[in-house]
Each structure stands twice: as C-alpha cells, then as structure tokens.
Amino acid sequence: MHHTAVIALLMGFWATVYLLDAMLKRYRPRDYVWFIEKTGLVTSIAQIRWYSQSLNNFFVRVSLWKPSGLRIWFTSGVVFTVSLMFASVTLLVLTLKDVLLWRKETLGTVDRTPVLQPVMPGVNLPISQIAYYLLTLLLCGVLHELGHAVAAARENVRINGFGVFLFVMYPGAFVDLYTDHLQAIAPLRRLRIYCAGVWHNFVIVVVAALVLSGLPIVLFPGYVVDFAVTVTHVEDHSPVSGAGGLVVGSRVTNINSCPVTNIVTWNNCILDSVQVPNRGYCVPLSEVLTMSTNAATVFEAAGVTECCSNSTMASSLCFSYNVTDSKGSDQNHACLKARFVTSLPSCNKASDCYSFGEVVVCAQPSLHNTTKLLRIVQQDRVPVLFVGQPRELQYSVSISDFTPRFHFVPVGFPYMIETFSKYLLSLSGALAILNVVPCYALDGQWILQAAVEAAFQCFPRHQKLKSVVYTALLCFGTMLLTANIVVALGQLILK
C-alpha cells in the first residue's frame, strides 16, 4: 500500500471519529456525557484518550511488595539511566559529526544511515507489520509509565490517575502525578521516579533479547530447527506462487545442490546462484534426441537462443549441448522437459558426465547471464522450478527457521513471536535512548533537573550557577536531538 493511501485512510478514520463525537454531543448530550464520565474516554482532534483512577490502588499494592527489593530495583535504574544519558548524548554527537563530515567529504555520493530513523507506515514500515508496530509502542508505553507509577507510589507521591491514548497513529500511556508532592521530596527519590520509565524500557530490551536467543529451546516441543526452512508467506506476484509453486508450509531443503537448513543457508544459496553461472545436466543423448525439436525452430531472441515453441514453453526449456564426433565438436539445441532434466546429475562440461556404454551430454540451459534456472527441493512435495533473477525469491518469499513437528502446529507462530520480539528490542531500545536525552518535554529534562540538584546539594550558595548549568545542558540536549531528527527526516525524504 502506498503512503498516500495510508494518509487517506488515517484522515478518513479521524474524520469519522470527529463527526461521530460532534453528532453525539449535539443529539445525545446527556447520555454522551454520562458515557464519558463512566468510561473515562475522551476524544479530540486526531486523538482518543482513556483516563482513570481505578488503577491507583493497584500501584500502591505493588509498591508495598518487597520494599527493600524495589528500592534496590529503582536505585539500579538510576545508575543505569544516568549512565545511559551520557552514552546517548555521546552517540548523538558522534552521529551528527559523522553525518556532517560525510556530507562535506563525499558530497552525498554514499548513503549513511543515522542512529535515529523515523518510522512511517507505508514508507519504511510494511503495512503488513503495522499491528506489531502499534502493539509494541502501546506495550512499551504502558510498562514505561507503570515504572513511573510504582516508583512514585513507593516514594509516597500521590498518583492522580493513569491513562492511555492514541494520537494519529502513535499509541502511548501516561501517569498523572501530584506535582507538589513530587517537587517536595529529595532529588535522589525523584530520580528513582524519573528513571523508572527508561529502566523498564531497558528491561524490555533484555527480555526480548532473551526470548530471541532462547526461542529454539522454548519452541522445541512443537518445532525443529536446522533441518529446513518453512515458507510462511508468498507474495501474489512472486514467480513461485500459484499452482505447482511454493505454498505456506512448504519445507525447502535444497536450492539446486545447495543444502538449505536455515535462513542463513537459504540466503547463501541464493547468493551463490547469482554469482555462479548456470550449471548443466547430464542427459543421455538418446533422451535428448527423443525430446528435442527440429533445428529449424531455433532462433535468437534478445540475445538468447530459443528453441521451444509457445505451446511447450510452460513445461520445457531450451538447452544447448555439444556432440563430439570425428569431424569435431558441434553445438546443438534441444527443447527439453525442464523438470526431467533438472532431476539428473549436474555438470559443468561433458567430461563431468560418466556413462557406461551410453553417450551422455552436458545440457546447459540457454538463458541470459543474469537469469538462473533453480530447482527448489521441498520435503513431501514435488520440486519447484524457478527461472528468473534469484533475488526475487528473497523479496517475494518469507521463510522461517522453525519447521513444525506436527501438521496441527501453526506455521506462522514462531514468526509472530520472533517479529514481535524484534520490534520490542528495537523500539523499546530506541525509546530508552530518545527519552533519556536532556531535552524539553522528555524524561531527560526531569532526570537532568534532579541530577543537577543532587550534585549541587553540597553547594547551597551556588543556586544561580546550578540554574545556569541546568539551562545550558537542557538547551544543548534539545538542539542536539532536534538536529539528529532533522537529519534523519531529511535522509528519509531524499530516499
């Protein structure tokens, strides 16, 4: 789906929500107000929000569970988050420096990927994966704010309420804390609250990484790995789709003579087929003469020799072979059954074909240099023949390392878990790096404020200097993050 279609769908959705909200306010105001007060749902331009106080007691109960353990937990979060703030700022500075130097030296002739990359559905995010994106953002946002809420309850800061929202296409969460209580406590206690969100984002990253690394063990009862690759999706326009092609659940074990046991070997076999010329096949000359067409049908088309008529091209392919006799070597062409020929031993030259009392030739497919003939071997199914650019297989066929042990085990379940874990790993990590930057309206602003106050507690007479340091660092962080975002957006637009 094109990005303009995505924008049109978004505009239509929010226009419908706005009109429905306006109609209910006009024609059923009393019932609508009662519904809003009862559910906590509020709508505005391009935004739906839910807010409630019903979870406040839950946060308090969690904060009272293992108080000493939670103290250690949130204090560890402070140490990690402050360290991450320095690392994040350093990373953004180096990234901006590299991009500026690259622009100056290469004049834009080489692509350079920035650390921060905007995610735009329909542009650099497949529409088919939009559900993973939205669910990941919502889960990361809820757990992030849950950290703030539990830490605040533990530090005896009153919680006014908790909510979730959807703004355009960005789902998120928020916690409403009583500001006077928050500002009255010591800087270190505030740091535990401010750093809890980023700390929980990091924990999500660790959990997602553990799930990805331990997935073969967790799924061992239902799936086997390093045996074959399982097809999870085939695009409609793929050359291997349709009758006789690859289908969801197909188990690919070989591409030509190259064994396929996982995604890495799948990609390596495709890459090898791109780099290596088409191999021939050892075909008995008697079979060639039986299946071959008359020499008069041989003709040149786009620089490639063709010898198959339109009626036979669906199942046959033109092959060339040399026959050596007393007069020398003579090149011939024959239109042969491709499925039969590719089931025979492969060869590079006639001497590779061994025979006992029978003449065997090395028949090579008559194709353009970049066009390949591939025999995709499947378990429990007939092989699929592919003629074309091998990289089309990578673009149009989705595969998984996990092969179901039983027919009733869903093929796509490992892919769902793996994809969701990867989104958690990347988006939660990005949110942690982004939120910790000392920038206006981000967690980094309040973390910096509490950290500076804690650092100047021993110097009560230098309040003016404290304010100057805080403002300078906050402005620097804001400009640094803005510059990186502008660079990332510019590169995305240029692409």
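How closely do the axes of α7 and helix α13 (residues 443–455) come, and at roughly what angle do they cross? They come within 9 Å and cross at roughly 155°, where axes are lines fitted to C-alpha atoms, for helices over the stretch in contact, and angles run from 0 to 180 degrees between N-to-C directions. This is a predicted model, in which local features need pLDDT of at least 70, side-chain atom pairs count only at pLDDT 80 or more, and totals for chains, interfaces and linings use all residues. Residues are numbered from 1 along each chain as its sequence is written, and side-chain values use heavy atoms, with hydrogens and water left out. Helices (H or I, at least four residues) and strands (E, at least two) are DSSP runs, numbered from the N terminus.

**Helix α7 and its packing on α13**

- The crossing angle makes α7 roughly antiparallel to α13; angles under 35 degrees count as roughly parallel, over 145 as roughly antiparallel, 65 to 115 as roughly perpendicular and the rest as oblique.
- The crossing of α7 and α13 is left-handed, meaning that the near helix is turned anticlockwise from the far one by less than a right angle, whereas clockwise gives a right-handed crossing.
- Residues of α7 that meet α13 include Pro-187, Arg-190 and Tyr-194, and their partners in α13 include Asp-443 and Trp-446; contact means heavy atoms within 4.5 Å.
- The residues of this contact of α7 with α13 comprise 10 nonpolar, one polar and three charged (Ala, Val, Leu, Ile, Met, Phe, Trp, Tyr, Cys and Pro count as nonpolar, Asp, Glu, Lys and Arg as charged, and the others, Gly among them, as polar).
- Helix α7 (residues 187–218) has 32 residues, which at 1.5 Å a residue should span 46 Å; the end C-alpha atoms are 43 Å apart, which agrees. The expected span is 1.5 Å times one less than the number of residues.
- A kink of about 40° in α7 is centred on Ala-196, the bend at a residue being the angle between axes fitted to the seven residues ending there and the seven starting there.

**Helices α13 and α14**

- The axes of α13 and helix α14 (residues 463–494) come within 10 Å and cross at roughly 155°.
- These two helices, α13 and α14, are therefore roughly antiparallel to each other.
- The crossing of α13 and α14 is right-handed.

**Helices α5 and α12**

- Helix α5 (residues 130–154) packs against helix α12 (residues 413–436) at an angle of about 50°, with their axes 9 Å apart.
- This angle makes α5 oblique to α12.
- The crossing of α5 and α12 is right-handed.
- The contact of α5 with α12 has 13 nonpolar, five polar and no charged residues.

**Phe-174**

- Phe-174 lies in strand β4 (residues 170–177).
- The C-alpha atoms of Phe-174 and Gly-163 are separated by 5.4 Å, and these residues are 11 residues apart along the chain.
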